[in-house]
Amino acid sequence: MNSEGKLIKNKNGQILYCVKILGGIILGCLFLIPIYMLVVSSIKPTGEVFDLRFIPKTISLNGYSLILKQKFLRYFLNSLFISTTVTIVALVFHSMAGYALARLNFVGRNVVFILILSTLMIPFSVILVPLFILVKNFGWLNTFKGVIIPAIPHAYGIFLFRQFFLTIPKELEEAATLDGCSPFGIFMRIFLPLSKPIIITLATAFFIANWNNYMWPMIVNQSQNKWVLQVALANYIGRTGTPWDAIMAGGVITIIPIVILFFVLQRYIVEGIKMSGIK
Amino acid sequence: MGGMINNRGEMLMSSQGFAIGKFFITKKRVEKNLFAYLMLAPDIIGLAIFIFIPVGVALYVSLHEWNGISPMKFIGLKNYATLMLDSQWWHSVRITIVYALMFVPMVYCLSLLIAVFLNSITGKIQGFLRTVYFVPFTVSTIVLSIIWLFMLDPRRGFVNEFLHIFGIPAQSFLGNPKQALFCIEFITAWTLIGYYSIIFLAVLKDIPVIYYEAAKLDGANAFQLFKSITFPMLKEVNVFVLVVTTIASFQVFDQVKVMTNGGPAGATNVAVFYIYTNAFDYLKLGYSSALAFVLFVIMFVFSMMLLKITRGGVRE
């Protein structure tokens, strides 16, 4: 190919590239406009929510003050408490289980591993009723325990920890063993410090999943004091008389922690998605 | 736990050094197994109590008539016989299958298309657009429902205003039995496409550029490149995405509960919603457990069929 041909090709390539980027941005707008409308409507006065302006004519925080009067702060703290507790306890349990499955030789390892994985096949609808009966018999209805404890055991976290621990070189372990380190010591002093990436990935995944969970907290906690954000919001939608700007404000408050988490830890979230899809 | 860990280093070495340790139950071997199971215990016990036992209980309850308060009455397979003739249940199953048949191809094609598109651009803009497409995924189903109830408002909503520009009359969307299911589908897809395109993109990025260059030298066009190189390389991830989205579409519930509550006129009364209503509104706990098992079987058959098709289709 002569240099002139190459130049023409480059120029065409550049135009094509620009068209592509433009298309990509328009597509991006389709993804973002609905969320933008949520945010912008939350700061409009009640009467102007449906004027559909991209930039509000008048800014009003009426929605926020309305929603905060409805004990929304309480629901926020409930959500925060539940999601944080599940995340921390789950990380401790799953890292232990993942370590055992990846690094310890014991009788029945494969059977245990397959049994754990098989739980991923069980749809929540199958165990819904028994789980409800169980939690009721434990006396956990309308308690945080009832939401938190059943949410902790989950094969996904165990599996990803196992996969991660399998990649850690054996030499490290052997050297520590020679130095007289116990298996538990190896886990605490070698494996855990090395697993920062997977811990952050799973922590964000667990936190987001529990923060956004709706069905189970709705079934367990009927009493209003124990509501989480999602349940409270769903109730406002169903109830007539809650103005749209207040509902929108509630929605914004609900997504703020997740959006912050997402932008700070984006890299780890993407890593986690890739791991769950490919391995 | 302290005592168990003592002399651990010595112990491991001896068990590696002598094959004999495999055949005799030594104190050290017992300790080693004990340690492993102690590490696994919290999760194993948790999964047993909150998943395995409930599955067993569900099977047991499904053989009974029970409202959750009065004593259970054993009725054998009667619940299963009843559901066979329950036209409302099969209506729900049909809706769910229709939902899956539209939802799975839609999410699959759009995510793959976006991933291929993202893969064809380079640099920071790729990462930026990927992030933008992913944002809806982080929004909870409830907030998502709020957003779209607003966007799709029959009288003054954003989408209707937009259609108005093109002279299309206002639609009632979620209030229209013919449109409601599709709207829910579209809304759910809107949140998931960014997620699945990240998965596709990760795989696409791993395909060696050499393959494409070699094929281009042989004069292959873009479509041929996709058909002969890209698509076969996606085999594993195709199976993953198709199976996971199929399972997810059989489980759809939250959106329906909040946006349409099964309506209008039962148009979005999907299977899990019907199961939920039977359990918590009609208090037919035994019956709803039976329904859940049947749904599980249907879902399982669908996933297996899908596995067969995708495996077979790629091999040739």
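Into which domains is chain B divided? In this predicted model, chain B splits into domain 1, covering 2-61, and domain 2, covering 81-315. Taken over C-alpha atoms, the centres of domain 1 of chain B and domain 2 of chain B sit 41 Å apart.

Next comes the place where the two chains meet. Here 73 residues of chain B touch 73 residues of chain A. On the chain B side, the biggest share comes from helix α3 (residues 27-61), which puts in 18 residues. As for what this side of chain B is made of, 54 of its residues are nonpolar, 13 are polar and six are charged.

Two packed helices are described by the angle between their axes and the distance between the axes. For helix α7 (residues 155-166) of chain A and helix α10 (residues 196-212) of chain A, the axes come within 11 Å and cross at roughly 170°. Angles over 145 degrees count as roughly antiparallel, so that is how α7(A) and α10(A) run relative to each other. The crossing of this pair, α7(A) with α10(A), is right-handed.

Which residues make the contact between α7(A) and α10(A)? From α7(A) come Gly157(A), Leu160(A), Phe161(A) and Phe164(A), while α10(A) brings Ile198(A), Leu202(A) and Phe206(A). Sorted by class, the contact of α7(A) with α10(A) has six nonpolar residues, one polar residue and no charged ones.

Key. Residues are numbered from 1 along each chain as its sequence is written. Chains are lettered from A and ligands numbered from 1 in the order in which they are written. This is a predicted model: local features need pLDDT of at least 70, side-chain atom pairs count only at pLDDT 80 or more; totals for chains, interfaces and linings use all residues. Domain bounds come from an automatic or database domain assignment. Two residues are in contact if their C-beta atoms, placed from the backbone, lie within 7 Å. Helices (H or I, at least four residues) and strands (E, at least two) are DSSP runs, numbered from the N terminus. Ala, Val, Leu, Ile, Met, Phe, Trp, Tyr, Cys and Pro count as nonpolar, Asp, Glu, Lys and Arg as charged, and the others, Gly among them, as polar. Axes are lines fitted to C-alpha atoms, for helices over the stretch in contact, and angles run from 0 to 180 degrees between N-to-C directions. Angles under 35 degrees count as roughly parallel, over 145 as roughly antiparallel, 65 to 115 as roughly perpendicular and the rest as oblique. A crossing is left-handed if the near helix is turned anticlockwise from the far one by less than a right angle, and right-handed if clockwise.
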